[in-house]
Amino acid sequence: MFKSTVLVMFLMAWRNLWRNRVRTLILISAIGGSYGLSLFSMGMGDDMHGSLADKAGEIAGGHVLVHAKGFHADRESSQIIDAPPALLQLLRATPGVVEVAPRVLIAGLLTTSESSAPIMLQGVDTDREKALFDPTSKLTQGVMPKTGDGGQLGHPIVLGKGVMAELSVKLGDRVVLTSNRADGEVGRALFLVTGVIATGSRDLDRAIAYTNLAGARSALGLKGSQVHELGIVADMTLASETIKTAVLATLNAWDSGPGAQKGGKTVAGKTVTREVLTWQQAMPEIVGFIEIDDAFNYVFLIVLFIIVAFAIANSFLMVVMERVREFGLLSALGVTGPRIAGLLILETAVLTLVSLTAGFLLGFTAHLALQHWGLDVAELYGVEMGVGGIDMGDMVLRSELRPVKWLTATVGAGTLVMLSALYPAWKATRMAPSEAMRFYE
Amino acid sequence: MSALIRVQDVHRTYRQGEIDVHALRGVTVDLDKGEFTALAGPSGSGKTTLLNLIGCLDRPTQGRVLIEEDVISEMTGTDAANYRLQHIGFVFQAYNLIPVLTARENAEFILQLRGVPPEVRKATVMPLLERVGLLDMSERRPHELSGGQQQRVAVVRALAAKPRLVLADEPTANLDGETSEALLDLMLELNKELGVTFLFSTHDSQVIERCRRVIRLRSGQLAQPDEGDA
């Protein structure tokens, strides 16, 4: 009996839906359109957040960073750690770690006989940096410094396009770096300009400079395997916190094991306390931006669906008023109040299913299109874009599908639409059949 | 013959704003099984109200209505709906059919709600549709049928479920004379063949003349035999 009733109710619900095709199509457009739009905007937002995270990792210098305690905040030349090759090898073998890039970071003043420019010089191992950001790809002239380059003419240095312009220098010119050495004295070091780099960010190009590790160590008076930072490039399918925990475990094992004898635990006879940061800890403003943007998107989508839900509730109330006699007839024929309400709920469920299917196809097609072709932000706006201090001028927006979020949005939208039919359905059950049958008399 | 319906001192008062409207005032009447009875009276005499009370669509303010041993005047909500589904057939003046179902689906509707298998439903309904001359229109929707054809489908629906009682509220009010006559012929034949009890509310003299018994109402009370409808 129940199955038979459900069958006839489903048949009626489906046909009722198409009684007023225009109204139904408008409702489907409203629900499906809002849902499709929400999927599209979520996909785009998630991709933007993913790109931001990648960029943030790139700007931060790694997905996980190892410094001497306090270096991230103070940036003192003397805050150094020892990173012997055996320790780097061990860190590279840590699960989830893709690459470890040792760096020496110098804030200094670059001068020529005619002018000067403040720069942030990074002493790097170019081959190790490639896993995160390949500076070679941004070279417009010359070559990146290699390990072992350097001599009496000075260590090699690659300068940002803006620095080059500021100093009015060209390839082959020599420049002098003045900076605080690790021992606290002010030091000067000679460099030979071997390349020009253009990152696409005007601000960055006015400050950036690269040399090799030997050149940077020489400028600061560092010895052996001493560095300021280890930038760890991680497998991004794993959470940064997971990598951080694994890195800490490796460092602790090194410090407490025989490896400690090979260096790394002490610098100049002093025990060094290291700090290990995820990129989120290193760049909390980006995390904050992503959280605020996510929250704003959620609020926007919820408001959008509440408006749609009210419009649907209004339409269903109109349906109930138009069909008072029909409900009276059904009641007279023996259909109970809950089943009449069930009929309306079923109609809403069918409408929701059709609308969400249409919306999904719409949203998914847009997602695939955006994923395939992308949206060039710079081309679209023709200006440099920056979010939370991160340059996004070269960013191409795509769409990223996060199944759990899509599923949540689908369930949320479906639930809200179904809720909007509850009051009209309840209203339909409150009509006495004798009154309903006389409604238009 | 034992009484199928017993209406015992039934009152029904409606509240319209500040005024109490006494639609029925102490009506007592019995109907036997197999009767073909008209409930006659002028507009506002209480015909439809009494029909609604007997049809379990409404409850009396005072008094009792029984169908055999079932006190239907005390039934509410789901119980009343289930009782109507199982025991009472209805033919209304208008808007008799569910617009989105075909003539056959409308005729099968009550059987389907009762959980009757499709083949049994079809075997029950198709001969009746043939009997009323609608076999070749069985897959048409109500808006594709004339008023008389719709009423005939409603009669088939009411009878296919083999109810104890068929209640018809002004069934010929919207039909022309010829169609009314044909519908009455049909119901009279089915009454004789199947023994189903019919009760009409009407002020159509054509219907009244064809009924074997006429119960007259006037101002919510049974009229005396010498009182007319005027």
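Colleague: How many residues of chain B are in contact with chain A, and how many of chain A with chain B?
Modeller: In this predicted model, 32 residues of chain B are in contact with 24 residues of chain A, where contact means heavy atoms within 4.5 Å. The model is subject to thresholds: local features need pLDDT of at least 70, side-chain atom pairs count only at pLDDT 80 or more, and totals for chains, interfaces and linings use all residues. Residues are numbered from 1 along each chain as its sequence is written, chains are lettered from A and ligands numbered from 1 in the order in which they are written, and side-chain values use heavy atoms, with hydrogens and water left out.

Colleague: What area do chain B and chain A bury between them?
Modeller: About 2400 Å², of which 65% is on carbon and sulfur atoms. Buried area is the accessible area (1.4 Å probe) that two parts lose on being put together, summed over both.

Colleague: Which residues of chain B lose the most area to chain A?
Modeller: They are B:Tyr95, B:Val100 and B:Leu113, together 26% of what the chain B side buries.

Colleague: How many salt bridges does the rule find across that interface?
Modeller: The rule finds 1, counting a side-chain nitrogen of Lys or Arg within 4 Å of a carboxyl oxygen of Asp or Glu. The partners are B:Glu105 and A:Arg15, at 2.6 Å from N to O.

Colleague: Which elements give two or more residues to the chain B side?
Modeller: These are α1 (47-54), α2 (77-87) and α3 (103-113) of chain B. Helices (H or I, at least four residues) and strands (E, at least two) are DSSP runs, numbered from the N terminus. The most comes from α2(B), with 6 residues. By class, the chain B side divides into 16 nonpolar, 9 polar and 7 charged residues. Here Ala, Val, Leu, Ile, Met, Phe, Trp, Tyr, Cys and Pro count as nonpolar, Asp, Glu, Lys and Arg as charged, and the others, Gly among them, as polar.

Colleague: Changing topic, how many salt bridges are there over all chains?
Modeller: The count comes to 32. One of them joins A:Asp46 and A:Arg402, at 3.9 Å from N to O. A:Asp46 lies in helix α2 (residues 21-60) of chain A and A:Arg402 in the loop between β18 (396-397) and α15 (403-420), so the pair ties together parts that are 356 residues apart in sequence.

Colleague: Is A:Asp46 buried or exposed?
Modeller: A:Asp46 counts as buried because its relative accessibility is 1%, whereas A:Arg402, at 31%, counts as partly exposed. Buried means under 20% relative accessible area, exposed over 50%, and partly exposed in between (1.4 Å probe, protein chains only).

Colleague: What does A:Glu229 pair with?
Modeller: A:Glu229 meets A:Arg103 in a salt bridge of 2.6 Å, N to O. A:Glu229 is in strand β11 (residues 229-234) of chain A and A:Arg103 in strand β3 (residues 97-111), 126 residues apart. A:Glu229 is buried at 3% relative accessibility, and A:Arg103 is buried at 2%.

Colleague: Which residue other than glycine in chain A has a positive phi?
Modeller: One of them is A:Ser168, with a phi of about 55 degrees. A:Ser168 is in the loop between α6 (161-167) and β7 (174-180) of chain A and is exposed, with a relative accessible area of 58%.
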